Amino acid sequence: MNIGKALANRSFCIGLIVTSVIALVALLSFVWTPYPVGAFDIAGKLKPPSAAHLLGTDHFGRDILSMIMVGSRNSIAVASVSVAIGAGIGVPLGLWGAATGGFVDEVLMRLNDLVFAFPALLSAVMITAVFGPGAINAIIAIGIFNIPVFARVARAAALSLWSREFVIAAGAIGKSPARITRDHILPNLASLLIVQATIQFSLGILAEAGLSYVGLGSQPPMPSWGRMLFEAQTMIGLAPHMALFPGLAIVITVLGLNLLGDGLRDMLDPRFQ
Amino acid sequence: MLNYATKRAFIAILTLLVASLVVFAMLEIVPGDPARLMLGMNATEDAIHNLQEQMGLNQPLAIRYFSWLGGLLTGDLGRSYTYSVPVFDLIMERVAVSLPLAAISLALSTFIALPVGIFAASKRGKFSDTLAMGVAQVGVAIPNFWFALLLVYLFAVTLRLVPAGGFPGWGAGFGVSIKSLILPSIALALPQAAILARITRSALLEVLGEDYIRTARAKGLSRRQVLYRHALRNALIPVLTILGLQFAFLLAGTIIIENVFYLPGLGRLVFQAITQRDLIVVEGVVMLLIATLVLVNLLVDLSYAIVDPRLRGRS
Amino acid sequence: MAKKLESYWMKSWKLAIAGVAISLVISSASYAAKTDLVLGIVLEPPHLDPTAGAAAAIDEIVYANIFEGLTRIGAKGDVLPALAESWTQSDDGKVYTFKLHKDVKFHDGTSFDADDVKFSLDRARGDKSTNAQKGLFAAIDTVDIVDPLTVRVTLKRRSGDFLYNMAWGDAVIVAPESAGTNKEKPVGTGPFKFDSWAKGSQIVIEKNADYWGKPALLDKATFRVIPDPAAATAALLAGDVQAFPVFPSYETIPQFQADPRFKVVIGTTEGETVLGMNNKKPPFDNPKVRQAIAHAIDRKSLIDGAMFGFGTPIGSFFPPHHPAYIDLTAETAYDPELAKKLMAEAGHPDGFKTTLKLPPPTYARRGGEIIAAELREIGIEAEIIPVEWAQWLDQVFKNKDYDMTIVSHTEPNDLNIFSRDDYYFNYDSPAFKDLIKQIDATSDGVERTGLYQQAQKLLAKDVPAAFLFQLPKTGIWDAKIDGLWENGPIQANDLTAVKWLD
C-alpha cells in the first residue's frame, strides 16, 4: 500500500482522522479535563449545555464533557483488550485447524459453533452473575466472543492458502506444518486480520456500551458511556442532553472505526482491488 | 446428501448436549440461593431449609442434571422456583411478545433494506449510492438502545404518540398491544436494516460482476432487466441466509431493548430469572435459544449443500 | 419479476401503514369506567401467597384486599380488628381469646371458622413452615379451638407486640383446602377476590360480592407492573395508570405537583435507610472510625442527590412519624473536619481502603456513589461493588462478607435487629439487648416511649451503622381518587375504602 492510494480512499481518511482525534482525546484526559471527573456539585445538577459546562451536567452535577473524555479510555481499553484476547486465542486455533485438518479441525470448529450459538449478552450476564460486574468481566465476555470470529477468519483464509503452489512447494522441501504456518501462512493473513481486528474493535465498543448500559460493565467512579446512557434514561424528559452526548460519542467512535476498517479492507484485501 | 444431512443433524444434537452441560454447570456456580431470596431478611434458617427442600435444591448435582435433561427430552422444562408454574408455560407467555417483536422488526428491516440496497447497487458510484451507504454506515454505528432512548424522548415523552414502555398483554386488545411494540420494533429494525442494506448491495454487485450477467447484457437486455431478472434472484441467497441468522439473533438479542421498553419478553424473563436465581428458568430459555440457533444453522448448511453439491464433501 | 416485486413492496407498505392507522384508532377509544382503577406497581410479585414469601410486592396486592388476619394494620399504623371482631387478654397477659366474625366465607365458598385460624397459625410456626417471618409466631405456645367462633392463643411469655404481629401479611388466615394453591390462585376472605394474572404485565382483582364486612366501593382493580421510572411517568400522564402508590421516579415528581389533575402525597414509610458497617471487622470495630464516617456524610446532599429531595434525615434507627421518635441527626452532623480528627484519633490519619457493596435499588446505587465521593474527602477509598439481591443476601446478610453496604430496612417495628445475635451488622451491645428485652415485656405506653428513646440515643452514640434517611412514600394519583393510604405503615395498598369522586 502506498500513501497516495491511501489518501485517495475517502473512507480510510475520514476514519483515520476520527479515530486519531478520539485517541488523542483519550490521551488528553489523562492530563486535563475541564473539571475533575469525580467532582460532585449536587446543587448544580441537570444543567443544560452552557459556557461553563459545554455539554451540561448530569444528575450529580458532574461535567458531562469531562466524563465523556475519561469514558473514552474505558471504551478503548475494554475493546482493545478483548480484541487481543480474541485474536491471541482465535488465530492460533484457526491456523491449527487449517494446518491439521481432520478430527482436530472438526472439533475446533464445533466448539466455535457452540460459543457462537450462545446468545452473547446472556453469557455476559451469567459471567457477571458469577464474578460480579466490572470492566474485567466485560473484557472476558466480549473477548470470548471474539475468539470464534478470529478463528473462522484465520482458518478460512489459511485453508485457501494451503492449496496455493508456494505453500505446497514449501511442504515438498520438508518444512513442518508449524513452520509453513509461521513462515508462509501468517504473513499473508496479516492484512486480513488487521481489517477484522478493526471491525471487532468497533463491535467491542458497542458491546461494552451495551453491557455497561445494563449494569454489567465498569463500575463508578470510572465513567463509562453505556452507564451514562443508563443513568440518563430515567431523566430523559428532564435532561435530554444527558442521553444525547454519550450516545453521540459512541456513534462517532464506532463510525470512525468502521470507516477505517472499510478503507483498510479496500486497500488490503485483494478481492476488493 | 442424506449421509451429509444425518452427519450434520448428529453434530447439531451433540452441540446441544454439550451446551446443556455448559449451561447447567455455569449456573450451578452462580452464587445466591433462590430460597433465601424469596424469604428475605427476617427469615429463620429452618424456614429457608424447608423451602430449599420444597424446591428440590438439596438433591445432588448429578441427579438434578439428569432429571433436568430427562425432562428436556420429553419436553418438560421443570417448574419455575419463583413463579411455581411450569417453565414451558412461562416461556410461551413471553414468546408471545418476543416472537411478534422479532418478526415485525425483521419485516421492517427487510422492507427498508432491500429497496435501499438494490437502489444503491443500481446507482453504483453515483451520489445517491454514496449517500445511501453513508446513511447505512451511520446506522450500523448507532447502538440500538441509544436509538431507542431517542425514540422514547421524541415519540413518547415529547409527542406522546405511543407509550414509553410496558406491554398491556394481548388480552388488552390487538391495537394497544401492537402500539406498544412500534417503538421497540423500529429501534431493533433500523440498525439491522443498515447491515442488511450493505449486504444486499455488495451481494448484488458481486453477482453483477459474474460472467453470465455480462452475457445477458451482451444479449441486449437492459441494465434494469438484468438487475431484476437475473442478478436479484441470485443475490437473494446470501441475503436470505443473513435474514435467517438475524431472526435467531433478534429473538435472543432483544434483551437490552426489552429492558429499555420494559417488555415482558424472553430476554427480560432471563434477566429477571438470573437476578431471582430462578435458574431452572434460565436454563430452559437459554437452551431454547441455543436450539433455535443450532436449528437455523443446520437449515442454512443443508440449503447451501442443496444449492452447491461441492460443499457436501467438506463439513 | 420487476413489476411484481415493486407492486408487492408497494402493497406491503400500504398494509403496514393501514395497520398502524387502525391500531391508533382502536387504542384511543378505550376509556376508564368509574368503578375500576388501574394502579401502577414497580415490582411484580413472584407469587401471591403472603405466608410463603417476603416480597413486599405480594402484600402490595393481597394485603387487606384478598387476605385478612385476626387483626390488621390501619392507615396510621394502628392495630384494628379484622377477622377477630374482639378479644380479651388474661391478667398475666399470656392468654388471648379471640372472638371471630360469623358468616365469613372464603372466596371459593368454603366457610371460615376457628379451624382455619388454628390451621393457619400452626402451619406458619410448624416444622415444615416456609413462612418468611416465622419469628412473628415464636411467642405462641398453643392455639386452641374453644368453639367454632372462639380461639384461644396461649403465649410462652408476655409479648407487647403480639396483636401487632398477628396483623402482618405473613399472619393472614388461609383455608386448608386452598393453602397449597394460594401462590397462583389466592383464596382469602377479603373484600376483593383474585381474577387473573398476566405474568410480566398485570394482576386483576375484582369485588367480592359476598364479603362479610363493609363491601368495597370499586368493582375491579388492576395492578399494572411498570418497573421503569420513565414509563411510570408516561403511563400516569397518559392516564393508562390512574394511581401510583409508590412512584419510583423522584425526579419527575415536581412535574406532577404542578399539575392540578394529580394529587401528590409524600408520606412516610417504615424504611430506615442506613449505611451498614461490619462492626467486628477492623477498622470498623473502632467506634471512632464509624463516627468519623457518619460525620463525613452530608445527609442533605445525599437526599438531594440520590432522592431528589424526598426523604427525611434520621440520626438513629427509628421512624420519624412514630410518637416516640426523637431527632438525633445533630449527634452525627455533617462535619468533615471533625471526621478527619476522629480518623486521626483512631489511628488512620491518612484514611484506608475499603469496599461498599450496593444492592440494586436507586437509593443504594446513587446514594453509594455520593457517599463514596464524600468518604474520599476524609481519605477513605471505598471501592463500589454493585450486587444483586441474591448476592447481597448471600454475601452481606448471611456470611457477613462485607465492609460497608447501604440498605433500607423496610419492616415495621424492627428496632430489635440491633439486638439480634449474628445479624449482619455484627453489633454486640449488652446494654442495647437489655433495653430491647425490657421493651418487649412492657405494654405501658409511657414507659415504652421512655425505653424507645433510650434505645435511639444509644444507637446514635454507638453508630453501629450510619443512619441516613427515612424512605418516603411518594404517592401520585388522579385528583378524583379518594381513600388511598398516604403513609406506608406496612407495604400494602388497602383498596377497601378507595373510590372515585364525582
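This is a predicted model: local features need pLDDT of at least 70, side-chain atom pairs count only at pLDDT 80 or more; totals for chains, interfaces and linings use all residues.
**Where chain C meets chain B**

Let's start with the interface. On one side sit 47 residues of chain C, and they touch 49 residues of chain B. Three helices of chain C each put at least two residues into the side that touches chain B: H1 (2–28), H5 (229–238) and H11 (389–398). H1(C) gives the largest share of that side, with nine residues.

**Two helix pairs**

Staying in chain C, have a look at H12 (residues 430–440) and H13 (residues 445–462), whose axes come within 10 Å and cross at roughly 160°. With the cut-off for roughly antiparallel set at over 145 degrees, that angle makes H12(C) roughly antiparallel to H13(C). The crossing of H12(C) past H13(C) is left-handed. On the H12(C) side the contact uses Ala431(C), Phe432(C), Leu435(C), Gln438(C) and Ile439(C), and these meet Arg448(C), Leu451(C), Tyr452(C), Gln454(C), Ala455(C) and Leu458(C) of H13(C). Sorted by type, the residues in this contact are eight nonpolar, two polar and one charged.

Over in chain A, the pair to look at is H3 (residues 64–100) and H10 (residues 240–268), with axes that come within 11 Å and cross at roughly 35°. H3(A) passes H10(A) in a right-handed crossing. H3(A) brings Ile64(A), Ile68(A) and Ser75(A) to the contact, while H10(A) brings Met242(A), Phe245(A), Pro246(A), Ala249(A) and Thr253(A). That contact between H3(A) and H10(A) has six nonpolar residues, two polar and no charged.

Most residues other than glycine have a negative phi, and most peptide bonds are trans.

| Site | Feature | Value |
|---|---|---|
| Pro220(A) to Pro221(A) | cis peptide bond | omega near 10° |
| Pro282(C) to Pro283(C) | cis peptide bond | omega about 0° |
| Asp103(C) | positive phi, not glycine | phi near 60° |
| Phe308(C) | positive phi, not glycine | phi about 50° |

Where do these sites fall? Pro221(A) is in the loop that links helix H8 (177–213) with helix H9 (225–233) of chain A. Pro283(C) sits in the loop between strand S12 (262–277) and helix H7 (287–296) of chain C.

Asp103(C) lies between strand S5 (95–100) and helix H3 (114–125) of chain C, and Phe308(C) lies between helix H8 (299–307) and strand S13 (312–313) of chain C. Is each one buried or exposed? Asp103(C) has 9 other C-beta atoms within 10 Å, so Asp103(C) is exposed. Phe308(C) counts as buried because 21 C-beta neighbours fall inside 10 Å, where the cut-off for buried is 20 or more.

**One helix in chain B**

Finally, helix H4 (residues 61–73) of chain B is worth a glance. H4(B) has 13 residues and reaches 19 Å from its first C-alpha to its last, close to the 18 Å expected at 1.5 Å a residue. After H4(B) comes Gly75(B), with a positive phi near 85°.

Note on methods. Residues are numbered from 1 along each chain as its sequence is written. Chains are lettered from A and ligands numbered from 1 in the order in which they are written. Two residues are in contact if their C-beta atoms, placed from the backbone, lie within 7 Å. Helices (H or I, at least four residues) and strands (E, at least two) are DSSP runs, numbered from the N terminus. Axes are lines fitted to C-alpha atoms, for helices over the stretch in contact, and angles run from 0 to 180 degrees between N-to-C directions. Angles under 35 degrees count as roughly parallel, over 145 as roughly antiparallel, 65 to 115 as roughly perpendicular and the rest as oblique. A crossing is left-handed if the near helix is turned anticlockwise from the far one by less than a right angle, and right-handed if clockwise. Ala, Val, Leu, Ile, Met, Phe, Trp, Tyr, Cys and Pro count as nonpolar, Asp, Glu, Lys and Arg as charged, and the others, Gly among them, as polar. A residue is buried if 20 or more other C-beta atoms lie within 10 Å of its own, exposed if 12 or fewer, and partly exposed in between; C-beta atoms are placed from the backbone. The expected span of a helix is 1.5 Å times one less than its number of residues.
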